[in-house]
Every structure is written in structure tokens, then in C-alpha cells.
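Here are my notes on the model, in the order I jotted them down. Have the coordinates open while you read.

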Amino acid sequence: MSIFKARVKEFEDVLAAPQDLIDLKQLRRLAFNGVPEVQSFRALSWKLLLGYLGPRRSSWTTTLAQKRALYKQFIEELVLPPGHSINGDGADGGDGDKADSRGVGLQDHPLSEGPESRWNTFFNDNEFLLQIDKDVRRLCPDISFFQQPTEYPCEIVVHSKGEHGRRLHERVVPTVLSSANVERKGLGMTKQQINLITKRSVENYAAMEEGQEAHWEVVQRILFIYAKLNPGQGYVQGMNEIVGPIYYVMASDPDLSYRAHAEADCFFCFTALMSEIRDFFIKTLDDAEGGIKFMMARLSNMLKSKDLNIYELLKSQELHPQYYSFRWLTLLLSQEFPLPDVLRIWDSVFADEQRFEFLIKICCSMILIQRETILENDFASNVKLLQNYPPIDINIVITHAGSLA
């Protein structure tokens, strides 16, 4: 039996075995070394490792049904325009607010300017929706996946019956993004950090015709709903790079019964992951134990202990960790490598019981592997090297990281 087939059998024994209780410790051990890209192994492993599904197989059907129904409710309440009709008859089916002679709730009238007006909220959403729209139209430009139509569009959104605003991109009114919006009004990234957070192409993806939607449009809806449900944090640039790989895995699941619910499943996996890295995106928590400055300091300390010469050189060049490792850590390396390599890295990161300890080791290894070049380079060359990491076999990096004590 080949090594690959032996690994596949190990995953089958854990994930497809008849016993009800999944051995999470064994799953972590296997996934840490990479999940084979066969069957639904990666999608299912990530759902378990992120805590979306519990270890008891008998609970999955109920959990999935409840979560997917809840997500549909989120779409109806948070995405569809006020006074929308799910069935196209102009009525929500509930009593709602007191209605005028045309059946429109007084609080739901588009001209209502009251703070409780759902239309007022609807228009105010444009500020962060504009940033989401801009970011998701550039997701993973090295592959065509996000530009392609999903096989499972959200029916109550793509069949608008002439009703404007069901599709989020239709609502976006182009304006100059305020710094307050980008920086999340003091809670998000600083301007310097924003410049370092993304290096994606400026290419924008086109929207689909009525009845269809591209994968990037689905991701846009996921991020919009997350921002609406988390108003204290909202949307911060870079979250699109976190949700993208998760959605790709769920929407590529060979099991069509799971793929059909990729949007809802991705939303809850993304929410679970964000609950762990939320502090990375909140400026006021930068110095907290889970904050990004604390993580960068841990990386610097590890580098200092592993190679004092490189540490001292970077320090003498005043090449501060935020110039490169801010993006590495905040976005879990999602912009430093091609998507297949990112998925492989995330297998290990999600399987790490000491969450993100291995991520720091990978980042440290990325520097150590380039040791000779870094020692020869000046400041400008090293900034370029670390902000645009050269192509490499990701297994070399992961193996090196695994060797760090």
C-alpha cells in the first residue's frame, strides 16, 4: 500500500468509521500532517477542528439543520431590503409595524429618517458594504474560482423579481472611503497597517445575471451578515482573506449534499475562527495576550532564540516585525502563498491544540530559510523579500517549522 493510500485509510478510519464518537485527538494528529484532497476529508475535518460540528456523529444532522435554518433567517432579516417579499407578493407575512394605505410599515417607508427606521439602517450599511464589495471582487486572483457561478445560488436573493437591493453589490454607492471606515473608527487597523494588509490585484470581478451569482457574491453576503451581527467589530479589511479559503473548501466539497450548503457552513466556520483571532482585528486589543502585537513579539522572541544574528541584523536595519509579520499573522499567511499551500498550512494550524503556536513557528521558519539572503541584503531588499516571499515548496517550510522546539 502506498503512503498516500495509507493516509487516506487513516482518515477513513477516523471520519467514516461506524462508531458514533470521533476521536478528535487522532484527527488532530492526522490533520496536522495534511488532509488528503479526496472525498470530503478536508471540509469535514475543518468543521470538526473549528468546533462547528461536535465529536458525536449522531448530533450532526440536527446541528446542521438548525444552523442552516438560522443562516437562512439571517439572510431574510439582514440582507433582503425592508418590506421585502420572500414570495414576491409584497408582504412579509407578519404583522410588522403599523402600515399606511399602501401596506408599507411606517418605520419601513424609504423616506423615514427615524433612527429605528430599517431603511435608515439599510442606507447606512453602504459605508462598510462598499469596502466588502471592493475586497471580495479581488479574492484569490491567481485562480478563477471566485469569478465563476455557484451551482447553488441563494434563490431568494438572485430572483429579485425587479426588486432592487436583494443583491448586495446593487446597493453599493461608490464614494471615497473615509479613513474612519477603513480603520473601523479606531478599533481596526492603523493606516500604516492597512498599507501592509493587502497585496492583491486591482482587478475587479463582474457580477452575474439575474438567477445566477458568482462565488465572490456569496462571500460578500457572508461578510455582510457577519458585520451586521458583530456591530462592535464590524468588517475590517483582511477578513475577506480569512473567509475565502474556508468558503473554497466548503464549496468544493465532492459531496454535493454538503456543497449545496457551503454558504451557511462557511459562515459558521468563519465565525468560529474569527472568535479565536478577533483580537487581531481590534486595535485597542493589540497589546492584549491575544492581540497582534503580542503575537509579533512572540515571533521576534522565537527568532532571537533560534538565530541571534538574523534577529540583530533586522533590528539594526530597523526592519520592525510589523513591516512583514503583521500581515503574515493577521491573515494566517493567506496572502503569502498560493491557495493550495494556504489550505495545507491551515490543516496544521487548525489541528494545533496550542492554537497559532505552529503558525508562529511557520513564520519563524520562513525567515530562517532565507537566512543567507537576509544577511547579505540591505534594508530595502529585505523588506521586499519578506513582504513578497519567494516561491517555495510549502512542505519544506512546514517540515522546518516542525523541527523547531
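1. N126 sits in helix 6 (helices here are DSSP runs of H or I with at least four residues, strands are E runs of at least two, and both are numbered from the N terminus). With a relative accessible area of 13%, N126 is buried (under 20% is buried, over 50% exposed, and anything in between partly exposed, using a 1.4 Å probe and protein chains only).

2. Some housekeeping before going on. This is a predicted model, where local features need pLDDT of at least 70, side-chain atom pairs count only at pLDDT 80 or more, and totals for chains, interfaces and linings use all residues. Residues are numbered from 1 along each chain as its sequence is written, and side-chain values use heavy atoms, with hydrogens and water left out.

3. On the overall fold: the protein chain has 22 helices and 0 strands. Of its 405 residues, 52% are buried. Taking contacts (heavy atoms within 4.5 Å) between residues at least 6 apart in sequence, 75% join residues at least 24 apart.

4. Which residues have the most contacts inside the largest nonpolar core? They are Y247 and F270, in a core of 121 residues (a nonpolar core being a set of buried Ala, Val, Leu, Ile, Met, Phe, Trp, Tyr and Cys residues joined through side-chain atoms within 4.5 Å). Helix 14 (residues 262-277) gives the most to this core, namely 11 residues. Leaving aside residues up to four places away in sequence, F270 touches I222, L223, Y226, M239, I242, V243 and I246.

5. Have a look at helix 11 (residues 215-229) too. From first C-alpha to last, its 15 residues reach 22 Å, close to the 21 Å expected at 1.5 Å a residue (the expected span is 1.5 Å times one less than the number of residues). Helix 11 is largely enclosed by the rest of the structure, because 13 of its 15 residues are buried.

6. Q237 is in the loop between helix 11 and helix 12. Its relative accessible area is 9%, so Q237 counts as buried. Q237 and Q131 are 106 residues apart in sequence, yet their C-alphas are 7.3 Å apart in space.

7. Now the aromatics. There are 20 aromatic pairs, where rings of Phe, Tyr and Trp (its six-membered ring) pair if their centres lie within 6.5 Å, with planes under 30 degrees apart called stacked, over 60 edge-to-face and the rest tilted. One of them is F145 with Y248, an edge-to-face pair at 4.8 Å centre to centre and 75° between the planes. F145 is in the loop between helix 6 (126-136) and helix 7 (155-158) and Y248 in helix 12 (residues 239-251), so this pair ties together parts 103 residues apart in sequence. F145 is buried at 12% relative accessibility, whereas Y248, at 25%, is partly exposed.

8. W346 and F350 make a tilted pair, 5.5 Å centre to centre with 50° between the planes. The two are 4 residues apart in helix 18 (residues 339-351), so about one helical turn separates them. Both W346 and F350 are buried. Elsewhere, ring pairs link Y52, Y71, F74, F267 and F268 into a cluster.

9. The largest pocket has a volume of about 410 Å³. A pocket here is an open set of points on a 1 Å grid over the protein atoms alone, where a 1.4 Å probe fits, with protein on both sides within 12 Å along at least five of seven lines; lining residues have an atom within 4 Å of a point. The volume is the space filled by probe spheres set on the points, which are joined across faces, edges and corners. There are 21 lining residues, and P153, C154, A260, H261 and E263 are the closest to the centre. Helix 4 (60-79), helix 7, helix 11, helix 12 and helix 14 each give two or more residues to the lining, with helix 4 giving the most, 4 residues.

10. Finally, two backbone spots to check. Most residues other than glycine have a negative phi. Q39, not a glycine, has a positive phi of about 50°; Q39 lies in the loop between helix 2 (24-32) and helix 3 (41-49) and is partly exposed at 42% relative accessible area. L332, also not a glycine, has a positive phi of about 55°. L332 is in the loop between helix 17 (325-330) and helix 18, and at 0% relative accessibility L332 is buried.
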